[in-house]
Amino acid sequence: MPSPAPPTELLPWERAVVLLSCALSALGSGLLVATHALWPDLRSRARRLLLFLSLADLLSAASYFYGVLQDFTGTSWDCVLQGALSTFANTSSFFWTVAIAFYLYLSIVRAALGPSTDHLVWAFHLISWGVPLAITVAAVSLKKIGYDASDVSVGWCWINLEAEDRVLWMLLTGKLWEMLAYVLLPLLYLLVRKHINRAHQALSEYRPICEGRQLQRGSSTSMADKKLILIPLIFICLRVWSTVRFVLTLCGSPAVQAPVLVVLHGIGNTFQGGANCIMFVLCTRAVRTRLFSLCCCRCYPQPSTQTPPGAPPPHKTGGSQESRQTPELPRT
């Protein structure tokens, strides 16, 4: 690897954009955690895995926010602490993202989830928290985390560019898992979507009988198909810029300091929680409907309908008809 290039200067507007991205990501991750806490009936197994991904993204956004705000100029104790936290959270986020895709693949394509589901979730915990923790502890113990001149980051600390084996540790603390996710995520979601399309074709002979149901479920099915495409696509679009700057750093190219690349790298590394919130809260009808209803109830409280003292109670007519006409809250 060529000798490190001069430090990449982080301009004020670049810092402001990345800080905003960190704040929005933290807000989105917090919103995902809040929806999980507010509505127990929405706590499916997949959404529980999403909760742990949101916690990792929340820690990642907070550590990146501190790093960008400080804009370190050398290795210090808080630089090492911030680098360790962001390394652990970022790597854990990769593992949880792939774990969710693998869970969906097993549950939909292989239909292999039964009584052993708890064991699978425990395995996800062991891998997604344990492996990043072991890597981070090793990196800190061997003094590999420190100032990186913002050539492979955007103001925060990561792998010290003065380390002789810095490329190996860059791979172990993020880039290797990031590149594996580029391959595994599209592959797993493609297999899931292919299986769903085959199931729809197998039921085509029953469409005349179930035509009404097909019309009702058409929009939700279309949205689900779009999500299966967008999830890996969004992940790659966010993360690819850090990979590009990593390769440019290895080549010693001055293009690593291009302002556009720096900003895209900063947004891509910090906005994962915000992207997940858009996908799984704002673009999920069951969660979005409840969230908007909660906000409307807080902003516009319902007027009191108590009967004044001495007044006859209102006569109820068509109660059963009204209860039957009340729409059920969508769950998908």
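**Exercise 1: surroundings of a leucine**

L104 sits in helix α3 (residues 77-110), helices being DSSP runs of H or I with at least four residues, numbered from the N terminus. The model is predicted, so that local features need pLDDT of at least 70 and side-chain atom pairs count only at pLDDT 80 or more, while totals for chains, interfaces and linings use all residues. Residues are numbered from 1 along each chain as its sequence is written, and side-chain values use heavy atoms, with hydrogens and water left out.

Task: find which residues L104 touches, not counting those up to four places away in sequence.

Solution: with contact taken as heavy atoms within 4.5 Å, L104 touches A46, V109, Y189 and V192.

**Exercise 2: a salt bridge and its burial**

Task: determine which side chain meets that of D41 in a salt bridge.

Solution: a salt bridge requires a side-chain nitrogen of Lys or Arg within 4 Å of a carboxyl oxygen of Asp or Glu, and D41 meets R290 at 2.5 Å, N to O. The pair links distant parts of the chain, with D41 in the loop between α1 and α2 (45-70) and R290 in helix α9 (residues 285-299), 249 residues apart. R290 is buried because its relative accessible area is 12%, the cut-offs being under 20% for buried, over 50% for exposed and in between for partly exposed (1.4 Å probe, protein chains only). D41, at 40%, therefore counts as partly exposed.

Key:
Helix = DSSP H or I, 4+ residues; strand = E, 2+ residues; numbered from the N terminus.
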